[in-house]
Amino acid sequence: MSQPSTITIDGQTVPFQEGQTIMEAALAANIYIPHLCYQRDLTPDGSCRLCTVTVNGRNTSACNTKAMAGQQVLNNTQELQDIRQTLTRMLFVEGDHICPGCTKTGNCQLQAVAYYVGMLSSHYHHFYSYRKIDASHPDYFIDFNRCILCELCVRASRDVDHKNVFGLSGRGRKTHLVINSPSGELADTDFAVGDKAAFICPVGAILRKRTRYTTPIGERLYDLQPINVVGDAQQIHAGAKRHGNQN
Amino acid sequence: MSTSNLTTLPSFIQDVVQAYQGRPSYLLQMLWRVQERLTCIPAAAIDSLAKQLNLSHAQVEGVARFYSFFHETPRGQYDILWSDNIIEHHQGKSELMTTMMQKLGVQLGKPRADGRVTIDNTACIGMSDQGSALLVNGFPITRLSKTKVNKIVELIEAQVPLADWPTDFFQVRNNIQRKHLLLGEDFESGAALKVMQVKGAEATLADIDKSGLRGCGGAGFKTGLKWKLCRDAPGKEHYVICNADEGEPGTFKDRVLLQAYPDVVFEGMTLCAKIIGARKGFVYLRGEYRYLLSALETTLQKRRSQGLLGDHILGDPNFSFDIEIHLGAGAYICGAEMALIESLEGKRGTAWKRPPPFPVTQGYLNQPTVVNNVETFALAAKVLLQGAEQFAQLGTAQSKGTKLISVSGDCDRPGIYEFPFGVTVREVLLACGANQTQAVQNAGPAGRCVSEAEFDRRLCFEDLNTTGSFMIFDRTRDMLDVVQNFARFFVHESCGFCTPCRVGTSIIENLVEKIHHGNGTQGDLKDLSHISYVMKATSNCGLGMTATNHIEDTLQKFPQTYEKRLKWSLGLSPSFDLEGSLEEARKLAAMSNQVAEAA
Ligand SMILES: Cc1cc2nc3c(=O)[nH]c(=O)nc-3n(C[C@H](O)[C@H](O)[C@H](O)COP(=O)(O)O)c2cc1C
Ligand code: SF4
Ligand code: SF4
Ligand code: FES
C-alpha cells in the first residue's frame with residue numbers, strides 16, 4: 001500500500017501503527033485526549049466517554065476506535081470541551097466528591113480533568129446517593145461514593161493481577177462496584193499492596209491507608225502541572241513506586 | 001425465606017445447575033428457577049451458584065442484580081406488577097393501583113407483614129391496547145376496572161391459588177383490527193419450508209433479497225444482506241436469534257405474533273437457519289411475556305413431530321435445526337442486539353460492546369449470528385409464500401411490504417393494524433377512530449413525537465421510521481405528564497455503563513420533575529436541551545442516543561407545555577429567549593436521521 005498510515009488530529013498529522021487506537025496514536029504523538037477509564041496496557045472500556053472526539057464528522061470514543069488512514073479527528077475544539085465539561089459535571093453530581101477533604105486531592109484525575117475542561121461548579125443537582133464504605137482491609141480503604149465506575153480496578157485485578165477482586169453490580173443509576181467475596185468485604189479477598197489494581201484508581205475511591213501526608217497538598221502531581229501536560233502515566237508510575245510495586 | 005429453604009438450598013441449586021448441564025451461559029435461566037422457587041435471589045443462592053458454576057461471586061451477583069425481575073429480598077406470595085406506561089396512566093392506572101394498595105394494606109415495593117402480597121410498578125408490559133394491566137406472578141390481567149380490582153383483593157385475602165382465579169381474568173386479546181399480507185392469509189405449518197425445498201436455499205435468499213424486506217426492530221437493515229453476510233462469515237457454528245424483547249413502551253405486535261402466529265415466526269427462523277447454516281436458534285422472550293412460554297413450547301413440540309424442527313427437517317439429511325426459548329428478566333436494553341447477546345450468554349445485559357464487529361460475524365459465543373425481530377422472521381416466511389415481487393409491490397421505494405402498527409391511547413379501536421409502508425399518520429388515526437388528536441408518539445419513547453402539523457407524514461424508513469409503537473394523545477392530555485413518564489422510563493432502563501446515559505437520564509428526570517412541580521426556570525429548559533445534546537453526542541449505544549428524543553421534540557413542538565409551568569414570579573432571567581435556548585434542539589433534530597442509522 002502506497003498510502004502512508006497517518007491520521008490528522010486538529011489538523012496535525014499523526015502517524016499510527018496498524019491496530020492502534022486513536023488514543024494510542026495520540027499519546028505516542030504527545031497529544032492529550034482527556035480520558036478517565038483508559039489506561040495503557042489495559043483493554044479499553046469506553047465507559048466514561050471523556051475521550052469523545054469527532055472522526056470524519058461523527059462522534060466516537062478515541063480509546064476504543066481504531067485509527068484508520070486518512071481519518072480527520074477533531075479533539076481540542078470548544079464544542080468537545082463543552083461536552084466534556086458536562087460529562088465531568090455528571091460524574092461530580094453522581095458521586096460524593098469532597099475534594100478538600102479527600103486524600104487524593106492533587107493526585108486525582110477527575111479533579112485534574114475538571115480543571116482542564118474549565119469546570120467551576122457542578123451546576124446540576126447532586127444525587128446524594130449513599131454507599132457504604134469498606135475499611136475492612138488492613139492496608140486499603142474503599143469509599144464507593146467516590147467511585148466513577150471506570151472499571152480500571154476491575155480490569156487490572158482480573159487481567160493483570162489475576163485475582164478478580166472487583167466487579168460491577170446493579171443497573172443504571174444503581175450500578176455500583178462490588179468486592180468479589182461472599183461477605184462483600186475487601187478483607188476477605190487476596191487484594192494486597194503491590195497489586196496493579198491497588199494503585200490504578202483515577203480518583204479517591206481506593207485509598208492506601210496511612211499515606212495521607214506522604215506528599216503535602218500543594219506539591220502533588222496536578223498541583224504542579226496540568227493533566228494535559230503530565231498526563232496520567234507518571235501518576236501511576238509514582239503511585240507504583242511509592243506503594244511498593246516492583247514492576 | 002424460611003430456614004428450611006436455606007438448609008435445602010445447596011441441593012436445590014445443584015438440581016437447577018444440572019437441569020442446564022452446568023453451562024454458565026444458562027445463568028439467567030437458572031436465576032429464573034431460583035426466583036420462582038424462593039421469590040428472590042438471596043446471597044446464599046448466589047454463593048452456591050457461583051461455586052457450582054465455577055464463576056466468581058461478583059459475576060453472579062452482578063448478573064442477578066442487573067435484571068429488575070430478580071429481587072434481592074423476598075416478594076409476596078402474590079407478586080403484583082402494574083404496567084406503568086403513560087397510556088395506562090391515562091386509562092386510570094394510578095387510581096386503581098392506589099385502591100388496591102389501600103385495600104390490601106401494602107406499601108409500594110414492600111411485602112405485606114404476613115408475606116402475602118407485594119405491589120410494584122414495572123415498565124410497559126405490552127398490553128396498552130387493553131390496559132390498565134398488571135402481572136400477578138408473571139401472568140397478565142388486562143382491562144382492569146374497579147370491580148376487577150376488588151375481586152383480585154378478595155382472592156388474595158382468601159388466599160385462592162392463582163390456578164383457581166377466574167380464567168377470563170387471564171385472557172389476553174389479540175385486537176387485530178386490520179389485516180394484510182402478514183395477518184390475512186391462513187398459514188399452513190411447513191408451507192414456506194416446502195417452497196424452499198423446491199427452490200433451494202440460494203434462490204430463497206435471492207427472493208428475500210429481492211423482496212426488499214428490511215428489519216422491523218428499528219434499524220431497518222436489509223434482511224437478505226444480513227443473512228448473506230452471516231452465511232459467508234466463517235465460524236464453528238452459526239446461530240439464529242429471534243429478538244422477542246419488545247421493550248419499547250406501547251408496542252405489542254410481537255406479542256400478538258407470538259400468541260396468534262407462532263408457526264409463521266418459527267418458520268421464518270427455520271428458513272434463516274437453512275440459509276446461514278445454523279443448527280441452533282434462540283427466541284429471546286422478554287420476561288413480561290413469560291405467560292406465553294408453555295404455548296410456545298407446545299408449538300415447538302408440534303413442529304418437531306411434524307418434521308419441521310429437529311434432525312433432518314422435511315427429510316433433508318443436511319438440515320437439522322432446533323429452537324430454544326430463553327427468558328429475559330425485565331431489561332429494556334436487552335432488546336438492543338449487543339446487550340441481548342450478552343444476556344443470552346448469561347451475563348449482565350449491558351451494551352458495553354460497540355460494533356464492529358457486528359453479530360453477523362461475531363455474535364452469540366463469538367460465532368456468526370443473525371438477530372432479527374419477530375416480525376421480520378414472520379415476513380420472511382410470507383415473502384416465500386406470496387412471492388418477492390408481490391411483496392415488493394407494496395410499500396414505498398425504500399420500504400417494501402407491510403408494517404404492523406400497535407395502536408394505543410386516545411382512540412376508539414386500539415389494537416394491531418397492518419398497513420403497507422407509507423401509510424400516513426392521519427390515515428392510521430382515521431382507521432382507529434381517534435379524535436381531537438394533539439400528538440402521536442411514534443416508535444415509542446425513543447421515537448419521535450409527532451404534532452398535528454405533521455399528520456400527513458408517512459410511516460416508512462424514508463420519513464417517520466417506526467418500530468410499531470403508535471401512542472395517541474388527544475387535546476385533553478398534558479404532554480408534560482407524557483414527558484415525565486418517559487423520562488422515568490429511561491432512568492429505570494439505562495444499563496449504567498456509560499456516563500452520559502447513566503447520569504444524564506437522572507438529571508433529565510430531576511429537571512422535568514422540577515418543571516412539572518412548577519419550580520422550573522428558563523435555565524432548566526436550557527439545561528434540558530443541553531443534557532439532551534450531550535447524551536446524543538456521546539452515549540455508547542442507541543438507548544442513550546435516543547433517550548431524549550421526546551424532550552427535544554416536545555421542547556420544539558410543544559414549548560407552551562413547559563412555558564406555562566415556569567416560575568416567572570421568581571424573576572429568574574425574566575427575559576427568557578426560548579428561541580435561543582432551542583437552537584440546540586433544532587440542531588439535534590437535524591442530526592436525528594444520522595443517529596437513527598447508528599442505532
Ligand atoms: C435500546 C434498544 C432497544 C431495542 N429493542 C429492540 C426490541 O425490543 N426488539 C427488536 O427486535 N429490536 C430492538 N432493537 C434493535 C436491535 O438492536 C436490532 O437492530 C434488531 O433486533 C435487528 O433485527 P431486525 O433487523 O429484524 O430489525 C433495539 C435497539 C436498541 C438500541
Ligand atoms: S474504584 Fe476506582 S478504579 Fe475502581 S471502578 Fe471505581 S473509580 Fe474506577
Ligand atoms: S447509552 Fe445507556 S444503555 Fe447504552 S451503554 Fe450507555 S448507559 Fe448503557
Ligand atoms: S477514556 Fe475513552 S471512554 Fe473513557
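This is a predicted model: local features need pLDDT of at least 70, side-chain atom pairs count only at pLDDT 80 or more; totals for chains, interfaces and linings use all residues.
Residues are numbered from 1 along each chain as its sequence is written, while chains are lettered from A and ligands numbered from 1 in the order in which they are written.

**Exercise 1.** Work out which residues and domains surround ligand 3.

*Solution.* Start with the count: 15 residues surround the ligand (near means a C-beta atom, placed from the backbone, within 6 Å). The closest are C495(B), C498(B), C501(B), C541(B) and G544(B). Now look at the domains, whose bounds come from an automatic or database assignment. Domain 3 (178–393) and domain 5 (479–598) of chain B both give residues to the shell, so ligand 3 lies between them.

**Exercise 2.** Find the contacts of A351(B) away from its sequence neighbours.

*Solution.* Contact here means C-beta atoms, placed from the backbone, within 7 Å.

**Exercise 3.** Describe the side of chain A that touches chain B.

*Solution.* First, count: the contact takes 30 residues from chain A and 32 residues from chain B. Next, pick out the elements (DSSP runs: helices are H or I, at least four residues; strands are E, at least two; numbered from the N terminus). On chain A, α2 (78–94) and β7 (166–169) each supply at least two residues. The largest share, six residues, comes from α2(A).

Technical notes: Two residues are in contact if their C-beta atoms, placed from the backbone, lie within 7 Å. Lists of a residue's contacts leave out its neighbours within four places in sequence.
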